Amino acid sequence: MKVLGINAIFHDPAAALVIDGEIVAAAEEERFSRRKHGKRPVPFSAWELPEQSARWCLEHAGLEPADLDAVGYSFDPALARPAAEQGLHDPWDHLRLTYAEAAPRFIATALPGLHRDRVDYVAHHVAHGASAGLAAPFAGCDVLVLDGRGESASHLAGRYDESGVLKTLVTQELPHSIGLLYEDVTEYLGFLRSSDEYKVMALAAYGRPRYLDAVREAVYAVPDGGFRTEPVDWAVYAPARRAGQDWTEEHADLAASVQRRLEEVLVELASWLRAQTGGTRLAMAGGVALNCVANTVVAREAGYDELWVQPAAGDAGTALGAALHLARALGDSVRPMPGADLGRAWSDDELEAVLRSARLPYERPADVAETVAEALAADGIVAWFQGRSEYGPRALGHRSLLAHPGRAANLDRLNAVKGRERFRPVAPMVLAERAAEVFSRGPVPSPYMLFTHDVAPAWRDRVPAAVHVDGTARIQTVERATEPLVARLLDAFERRTGLPVVINTSLNTAGRPMVDSPRDALECFGSAPVDLLALGPFVVRRPEVR
Ligand SMILES: [Fe+2]
C-alpha cells in the first residue's frame with residue numbers, strides 16, 4: 001500500500017510517505033517554505049496544507065497522486081467539541097473544524113489526480129501514538145502521548161500489541177492539558193508559545209523549584225490514569241517577562257518548579273500505564289516528549305526497561321503516524337523507523353553545480369571527515385551538510401553546525417553565530433561505544449538527542465562547551481554502521497585532540513528553519529561567521545581577513 005500522511009491542523013505542517021509498511025520519506029513544510037514551524041498555530045491558518053513537502057514525498061518515490069491508496073490527515077473533526085465546552089477561550093476555534101471537514105477536498109485540489117475519497121481522518125493522538133508505537137525499534141509496547149491538545153483531549157495512554165494494533169486505555173479530556181500549561185508558562189516567561197518551550201526547559205537548569213508545592217496543588221495525576229491542570233496565577237511567583245528582557249532568579253525558579261512538576265506527573269502517568277499492562281517497553285510522542293530532561297526522568301524512574309521517543313515528537317510527527325496507522329489498518333506490516341534522515345538529499349554532481357553557479361572557490365579533499373576534523377581542531381566553526389535532512393527539530397549530523405568542545409568560549413560563540421540566548425546549551429555528539437566513558441549517567445543509545453546525560457567528572461573540564469550549567473549534556477550517540485561519515489569525523493577529531501566528542505547544533509540562524517537545501521546552506525554560510533562549509537564531499541573556506 002502507498003500511504004501519504006499529512007499534518008496541517010495546528011502547526012509544524014509536514015508530510016510522510018509509507019510504502020508497503022516502510023517509511024520512505026518524511027519532511028516538514030518549514031524546510032521548503034523557509035517559515036519556522038510552517039505557520040502560526042491559529043485557527044485561520046488551519047486550511048494551509050504542507051503542499052511542497054507532500055509533492056516532494058511523491059516525487060522522491062516516483063509516484064503520482066493517483067497512485068496513492070490512502071492519505072491520512074492527523075485530525076478527526078468528528079471527535080472535536082465546541083471550544084467553550086473544552087474550556088478554550090478562542091472564538092475562532094470553529095474555523096479549525098470547518099477547514100478540517102473540508103480537508104479532503106483541499107488535499108485533492110493540492111494533489112491533482114487524487115480522489116478525495118482516498119483521504120481518511122486519523123485521530124490526532126492515535127497519529128502521535130502510531131509515530132511512537134509503530135515506528136519504535138521493537139514490536140509490542142506501551143505508548144504514552146502528551147501534547148497541548150488534539151480534537152478534545154491532550155493525552156492518550158495505551159498499548160500496541162505485537163501485530164501493531166492499539167488498545168487505548170485512557171485519554172485525558174481538555175481543558176486539562178500539561179502541554180497547554182507548559183505553553184502558558186512559556187508565554188509568561190517571555191518566549192514564543194507553541195515554539196520556545198525548550199527555552200523554559202533550559203532556563204529551569206538555572207533555578208531552584210521553590211514554587212513546587214504550589215504547582216503540585218494545581219497539577220496532579222488522578223487514579224484513572226489521567227490528570228488535572230488547574231489554572232495557575234503565575235504573577236504570584238514571578239513578574240511577567242517581556243520578550244528580550246533579562247531574566248531573573250524568580251523566572252528561573254518558576255521555570256524550575258513547572259519543569260520539576262512535569263517530570264513528577266509524567267513518571268506517575270507512565271507508572272500507572274506500566275501497572276495496567278505489565279509492559280517493559282514504552283514509546284512516547286506528542287510535543288511534551290521533546291522535553292529531554294523529563295524523558296530522562298521517565299526513563300530512570302517509571303520502571304520500564306526501555307524507552308523510545310519519536311524524534312519528530314511534535315505535531316510534524318503526526319504526518320508519519322497517520323501514514324503508519326493507515327498502512328497497518330490496510331493490512332501492511334509496518335517496519336520501524338530506519339533513522340531520522342528521511343528528507344531531501346542531493347547528489348555530488350548536483351552539489352558541485354550549486355557551488356559552480358555561486359562562483360565560490362571550493363576543494364574536494366580526499367576525505368572530507370579529515371579536512372573538517374582539522375578545521376575543528378584549529379577551533380574553526382564548521383557548517384556540515386551531508387546526506388538526507390532530518391525529520392524533527394534536532395540536527396543529527398546531516399544539517400549541523402560543529403565546533404570544538406574543549407573551548408568553553410565556543411558556547412557563546414555558537415550562540416552568537418545562531419543569534420540565540422546565552423543561557424541555551426549546545427549538545428555533543430559521541431560514538432555510541434564511547435558514550436558511557438564520557439557521560440556517566442543517562443539512557444544510551446541516544447541517537448536522537450531526546451535525553452540528558454551527566455558528564456563524568458573527569459571530563460567536565462575537558463569538554464566545557466558541551467556541559468550545561470547543571471553538569472548535564474543532551475548527547476547524540478553515533479553508530480558506525482548507520483552514520484559511517486560522522487563516525488569517521490569523530491575518530492579524526494579525537495586523533496588530533498584526544499577528545500571523542502564534537503559539539504553539534506542545528507544548522508540555522510535565529511528564527512529560521514534548519515538548512516535543508518544546498519542553497520540554504522550557502523545563504524547561512526554567507527551570512528554567519530562560520531569558518532568552513534562542508535557540502536557533501538566539497539569544502540568552502542572563509543577567506544582570511546587581512
Ligand atoms: Fe499534537
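1. Let's start with the surface. In this predicted model, the accessible surface of the chain comes to about 21000 Å², and carbon and sulfur atoms account for 50% of that area. As for the interior, 61% of the 546 residues count as buried.

2. On overall dimensions, the C-alpha trace spans about 65 × 60 × 45 Å along its principal axes. The radius of gyration is 23 Å, which agrees with the value near 24 Å that a compact globule of 546 residues would have.

3. You will find both kinds of secondary structure here: the chain has 17 helices and 22 strands. If you look at contacts with a separation of 6 or more, 72% of them come from residues 24 or more positions apart.

4. Now for the packing. Nonpolar side chains tend to be buried together in soluble globular proteins. In this chain the largest nonpolar core holds 97 residues, and the members touching the most others are Leu-254, Leu-282, Val-298 and Tyr-391. Helix 8, residues 249-277, gives the most to this core, with 13 residues.

5. Leaving aside residues up to four places away in sequence, Val-298 touches Leu-266, Val-267, Ala-270, Leu-282, Met-284 and Leu-307.

Methods
Residues are numbered from 1 along each chain as its sequence is written. This is a predicted model: local features need pLDDT of at least 70, side-chain atom pairs count only at pLDDT 80 or more; totals for chains, interfaces and linings use all residues. Side-chain values use heavy atoms; hydrogens and water are left out. Helices (H or I, at least four residues) and strands (E, at least two) are DSSP runs, numbered from the N terminus. The radius of gyration is taken over C-alpha atoms; the globule rule is 2.2 Å times the number of residues to the power 0.38. Buried means under 20% relative accessible area, exposed over 50%, partly exposed in between (1.4 Å probe, protein chains only). Contact means heavy atoms within 4.5 Å. Accessible areas come from the Shrake-Rupley method with a 1.4 Å probe; for residues, only the protein chains shown count as cover. A nonpolar core is a set of buried Ala, Val, Leu, Ile, Met, Phe, Trp, Tyr and Cys residues joined through side-chain atoms within 4.5 Å.
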